[in-house]
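Visitor: Hi, I'm new to this one and would like a walk through it. Could you show it to me and start with the terms?

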Amino acid sequence: MIHQPDRTCGRPTRSGSPCKIRISGSDVACSTHATEQDKAVAEAHRRGWSEGRKSGSESSARFSKSRIERLEQRVKELEEQLDSTRRVHEVNGCQVVEVGGYGYRWRGSEPLEVGDRVLLPENYVSRLKNGPGPTVGVVNKLGTTYQGSLSDIVGRAPATGGDG
């Protein structure tokens, strides 16, 4: 909407001088001097302005959402590319896996697969949370991007289940 500061009605009063009542927005005359047609035109203009603004806002929001989704997808693709170039699957002849987001080395003869249950070595945090001894974890990725020293997996965890 075009800003028109200090607009006045301007319609002739009973004395013949222009009306000095301020008007704003879509109005073309003050409430005293506006005809039914003036009021209808002003209301139609307000409604069109409002609907156009709402439509533009919704369109902008859809575009922004679409752009964000495309950028998030691109970031995910680039992270996967970077991950695949940095991911190590073997260290000194031992398989490397991730369990709970941490890298571990597996020295067993049969390779581990995603979903395998394993016994992890005790550490300070696991001792506090679970007591002494190894804790059970699940392999969630093959290989790791971690570049530091890796702890060894103690062994495969016993199968759970009700066979007896």
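Guide: A polar contact here is a pair of N or O atoms within 3.5 Å; within protein, one must be able to donate a hydrogen and the other to accept it, and residues adjacent in sequence count only if both atoms are side-chain atoms. This is a predicted model, in which local features need pLDDT of at least 70 and side-chain atom pairs count only at pLDDT 80 or more, while totals for chains, interfaces and linings use all residues. Residues are numbered from 1 along each chain as its sequence is written, and side-chain values use heavy atoms, with hydrogens and water left out.

Visitor: OK, what does the side chain of N123 lie 3.0 Å from?

Guide: A polar atom of the N123 side chain lies 3.0 Å from the backbone nitrogen of V125. N123 itself sits in the loop between β4 and α2, where helices (H or I, at least four residues) and strands (E, at least two) are DSSP runs, numbered from the N terminus.

Visitor: And how exposed is N123?

Guide: N123 is partly exposed, with a relative accessible area of 39%; buried means under 20%, exposed over 50%, and partly exposed in between, using a 1.4 Å probe and protein chains only.

Visitor: Switching topic, what volume does the largest pocket have?

Guide: The largest pocket has a volume of about 270 Å³. On a 1 Å grid over the protein atoms alone, a pocket is an open set of points with protein on both sides within 12 Å along at least five of seven lines, where a 1.4 Å probe fits, and lining residues have an atom within 4 Å of a point. Grid points are joined across faces, edges and corners, and the volume is the space filled by probe spheres set on the points.

Visitor: Which residues are closest to its centre?

Guide: Of the 14 residues lining the largest pocket, Y102, Y104, L120, N123 and S126 are the closest to its centre. The largest share of that lining, four residues, comes from α2.

Visitor: Now the strands: is β2 enclosed or open?

Guide: Strand β2 is largely enclosed by the rest of the structure, because six of its six residues are buried. Both of its faces are covered, with C94, V96 and E98 buried on one side and Q95, V97 and V99 buried on the other.

Visitor: Which strands does β2 pair with?

Guide: Two strands pair if DSSP finds at least two bridges between them. Strand β2 (residues 94-99) pairs with β5 in the antiparallel sense over three bridges, and there E98 has K141 as its bridge partner. Two bridges join β2 to β1 (residues 90-91), also antiparallel, with E90 partnered by Q95. With β3, β2 pairs in the antiparallel sense over five bridges, and V99 stands opposite Y102.

Visitor: What's in the turn between β2 and β3?

Guide: These strands form a hairpin with two residues between them, and G100 in the turn has a positive phi of about 60°.

Visitor: What about R105, is that buried or exposed?

Guide: R105 lies in strand β3 and counts as buried, at 16% relative accessibility. A polar atom of the R105 side chain lies 3.3 Å from the backbone oxygen of L150.

Visitor: Last one, what does the side chain of S26 make a polar contact with?

Guide: The S26 side chain makes a polar contact with the side chain of H45, at 2.5 Å. S26 is found in the segment before α1 (36-86), and S26 is buried, with a relative accessible area of 9%.
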